[in-house]
Number of protein chains: 2
Amino acid sequence: MKNVPGFLLSGVSAGLKKDEKRDLALIFSTVPAHASAIFTKNLIKGAPVLVGQERIAGGLCQAVIINSVNANAFTGQKGYEDSLEIADTLSGRLGIDESLVIPSSTGVTGERLRVGKIKKSIPRLIKGLGEDNFREAAEAIMTTDSFPKYASRQLAVGEKTATVSAIGKGAGMICPNMATMLCFIMTDLNIQRKALSKALVAAAGGSFNAITVDGDTSPNDSVFILANGVLGNKQITEKSGDYGEFVDVLSSLCGEIAEMIVSDGEGATKVVRINVTEAGTERDAEKIARTIATSQLVKTAFYGEDANWGRIVAAAGRAGVKFDPEKIKLYFGGIEVFSKGVRSKPESRFASVFKEPSFTVTLSLGEGEAAYSILTSDLSHKYVSINSDYRT
Amino acid sequence: MKNVPGFLLSGVSAGLKKDEKRDLALIFSTVPAHASAIFTKNLIKGAPVLVGQERIAGGLCQAVIINSVNANAFTGQKGYEDSLEIADTLSGRLGIDESLVIPSSTGVTGERLRVGKIKKSIPRLIKGLGEDNFREAAEAIMTTDSFPKYASRQLAVGEKTATVSAIGKGAGMICPNMATMLCFIMTDLNIQRKALSKALVAAAGGSFNAITVDGDTSPNDSVFILANGVLGNKQITEKSGDYGEFVDVLSSLCGEIAEMIVSDGEGATKVVRINVTEAGTERDAEKIARTIATSQLVKTAFYGEDANWGRIVAAAGRAGVKFDPEKIKLYFGGIEVFSKGVRSKPESRFASVFKEPSFTVTLSLGEGEAAYSILTSDLSHKYVSINSDYRT
């Protein structure tokens with residue numbers, strides 16, 4: 001991991017998790033940073049997302065405080081006030097404007113936050129700040145995640161080297177009501193806020209918005225990016241020569257975190273990339289890719305290492321997209337398995353692809369030039385256990 | 001079960017299943033019957049569906065021959081010719097016009113039918129015809145079904161009593177590639193073909209089209225209705241006084257078969273009715289009901305007997321329908337559990353609802369007067385076993 005100049009992180013136990021495991025994180029920029037975020041598309045948003053939406057609109061952020069265990073969602077007006085109280089306690093302690101602090105939460109829904117425990121831990125949280133505490137902060141935001149998730153990239157900007165680092169979490173929607181996908185990205189680049197927002201949307205499109213564990217979204221899903229300008233480069237805009245490279249680097253970083261999230265999907269034993277190519281429109285390609293990626297029958301076949309091309313073709317057929325069944329071609333890895341309406345070769349010639357921990361399924365429609373790609377996991381006995389047995 | 005005058009059924013073993021289990025069925029009307037059908041909406045249709053679509057267009061049918069074990073789907077032109085060959089062999093043996101025989105298949109996809117075995121069994125199949133062989137025929141069309149499915153209704157038409165009986169099968173999409181929902185309805189009513197088609201669409205809308213096991217559809221899903229007029233009543237049209245009652249009786253019959261299919265869903269331990277009420281439009285209500293009914297998180301909660309209202313509300317929130325989260329109300333059985341954005345009462349007050357083998361979840365949107373209702377099952381360890389382990 002690469003430290004990001006001007007950013008400090010911390011992760012402590014506030015006593016929300018058992019056994020003094022970390023459950024409260026802080027990301028702090030020494031100066032107000034340009035900030036942007038993408039929030040859950042779920043109509044029902046958790047309290048911290050409502051606060052975050054209001055505050056990020058100002059364009060600047062200096063601190064994000066994140067608790068795990070409790071999502072503070074479906075908690076009404078009182079829940080909203082809880083999130084505000086935590087953020088405002090932190091801003092008071094840090095001596096910065098209230099509007100510069102954003103709260104974030106992940107965990108159980110429908111239960112009130114233990115605000116007292118969190119407030120009491122804020123002095124320790126601040127005291128623990130350090131440049132290289134990525135692991136500690138990433139651990140503190142874990143719910144059912146089996147490992148902490150963080151990654152870094154660097155890019156040359158003129159004579160200088162900029163750093164982009166991120167921590168993330170998410171393993172499907174879960175315990176006891178759901179888990180949440182969260183990602184916090186920090187960079188020392190000096191970049192115009194509008195360009196930053198646009199870059200984040202572009203990077204998320206091919207990463208966080210193109211993964212699925214179970215098709216369910218949480219009220220709290222959020223991706224934040226903070227750019228504090230400490231690098232001192234000439235401000236990047238959409239027209240700068242460096243903008244394109246920044247988008248590429250950011251996309252690569254988001255892709256790495258997204259892949260970690262899928263591979264840590266609840267009970268996942270396989271990570272599978274679904275490509276739909278030669279579609280008439282990208283929307284068509286996405287609809288088919290998402291239908292395949294969320295089909296229970298396809299996902300159980302992945303789990304069973306069963307190269308079940310028939311289920312994949314049938315899922316494509318019910319996606320609500322018109323195509324000519326005679327023109328489609330299906331590939332497992334690089335091997336053609338279905339073409340002109342029939343299986344291309346004996347199953348023994350491609351069955352081994354599904355034995356790999358990760359592989360690619362490509363469906364070519366022969367209709368046009370649009371494509372879409374999505375990462376998914378399998379549906380295992382353990383997924384059912386995690387999601388049905390948590391209270392027993 | 002009530003015999004239907006003028007209809008004979010048969011179910012024999014053609015040697016497709018092991019242990020001489022029945023795997024080949026015949027439904028025969030002594031006279032050509034008005035016939036209508038609803039086929040899978042999947043873009044990719046099995047060979048017998050392609051033949052059936054062509055022949056049902058003529059409006060008359062006298063015999064349906066159905067095999068289990070092999071769906072004859074994804075088998076290309078040769079598969080199409082196989083279905084024709086079976087149907088034409090039967091019509092030759094029965095001495096009726098080719099156009100009056102419809103083939104139907106359910107089972108494995110991607111494999112050629114064992115046409116020789118089926119053709120060789122046709123004489124025995126015909127010999128076995130009898131008025132009350134519902135159970136035999138229903139057994140012959142079973143794939144992963146754990147019990148044969150059949151039901152009857154009667155209705156008064158003037159001085160006469162008409163009978164409507166049906167056999168069905170279906171347990172989710174499965175082994176080795178998928179199973180299929182099939183239903184064959186027989187009645188001795190004299191009813192105009194156009195009215196018959198319209199009644200079938202109406203009855204299927206609230207039954208077969210409003211159930212889900214795993215959201216997957218098969219290339220072979222089909223519902224047929226044959227009305228042979230043997231009752232000798234004055235022909236019923238849409239304007240007849242008896243038409244409305246026929247639709248009600250047919251809907252009730254289809255509802256009973258549909259409920260059997262869901263309760264026999266792969267690995268199902270629960271049957272849950274999802275009602276969405278007070279929606280702005282029926283389309284909105286249906287989108288939300290289907291999203292809840294197919295959510296992996298909701299279905300695993302059903303399995304775990306976990307009255308997890310948060311997952312249901314979150315599934316509604318991602319259905320792509322606009323509503324005001326403050327106005328929605330959620331009920332388990334008749335108990336209000338969520339209102340004005342928060343849980344209405346302690347979970348102990350409603351947790352027991354989920355212990356029942358079947359129960360109702362109602363989400364009221366407070367937006368309008370439209371509603372939609374769908375039956376679903378839970379997602380169990382056994383579902384994963386059935387769909388991942390079948391080749392091992």
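Author: Helices (H or I, at least four residues) and strands (E, at least two) are DSSP runs, numbered from the N terminus. Two strands pair if DSSP finds at least two bridges between them. This is a predicted model, where local features need pLDDT of at least 70 and side-chain atom pairs count only at pLDDT 80 or more, while totals for chains, interfaces and linings use all residues. Residues are numbered from 1 along each chain as its sequence is written, chains are lettered from A and ligands numbered from 1 in the order in which they are written, and side-chain values use heavy atoms, leaving out hydrogens and water.

Reader: How do you know that strands β5 and β6 of chain A are joined?

Author: Count the bridges: nine of them link β5(A) (residues 149-157) to β6(A) (residues 160-169), and the two strands run antiparallel. Pairing takes at least two, so these strands qualify.

Reader: Why is F74(A) called buried?

Author: Buried means under 20% relative accessible area, exposed over 50%, partly exposed in between (1.4 Å probe, protein chains only). F74(A) has 6%, so it is buried. E278(B) also has a positive phi, about 55°, without being a glycine, and it lies in strand β10 of chain B. Its relative accessible area is 39%, so E278(B) counts as partly exposed.

Reader: What is the span of helix α3 of chain A, and what is expected?

Author: The 13 residues of α3(A) (115-127) reach 19 Å from the first C-alpha to the last, close to the 18 Å expected. The expected span is 1.5 Å times one less than the number of residues.

Reader: Where does α3(A) bend?

Author: At S121(A), by about 40°, with a proline, P123(A), following within four residues. That bend is the angle between axes fitted to the seven residues ending there and the seven starting there. S121(A) is also one of the buried residues of the helix, along with V115(A), I118(A), I122(A) and L125(A). These buried residues pack against β1 (7-12), β2 (24-39), β3 (60-67) and α2 (76-94) of chain A.

Reader: What makes β8 and β13 of chain A edge strands?

Author: Take the whole sheet: seven strands, open, mixed pairing, in the order β8-β15-β10-β14-β11-β12-β13 (chain A). β8(A) (211-212) and β13(A) (342-343) each have a single partner strand, so one side of each has no neighbour in the sheet. Further in, four bridges join β11(A) (residues 329-332) to β14(A) (residues 358-364), running antiparallel. There Y331(A) stands opposite T362(A). Helix α6(A) (residues 243-263) packs on the sheet, touching β8, β10 and β15 of chain A, at about 45° to β15(A). Helix α9(A) (residues 309-317) lies across β11, β12, β13 and β14 of chain A.

Reader: Why does S339(A) count as buried?

Author: Its relative accessibility is 11%, so it falls under the 20% limit. S339(A) belongs to strand β12 of chain A. Beyond its neighbours within four places in sequence, S339(A) is in contact (heavy atoms within 4.5 Å) with I328(A), K329(A) and S344(A).

Reader: How many residues of α9(B) are buried?

Author: Nine of its nine, including W309(B), R311(B) and I312(B). This helix lies across β11, β12, β13 and β14 of chain B.

Terms used
Axes are lines fitted to C-alpha atoms, for helices over the stretch in contact, and angles run from 0 to 180 degrees between N-to-C directions.
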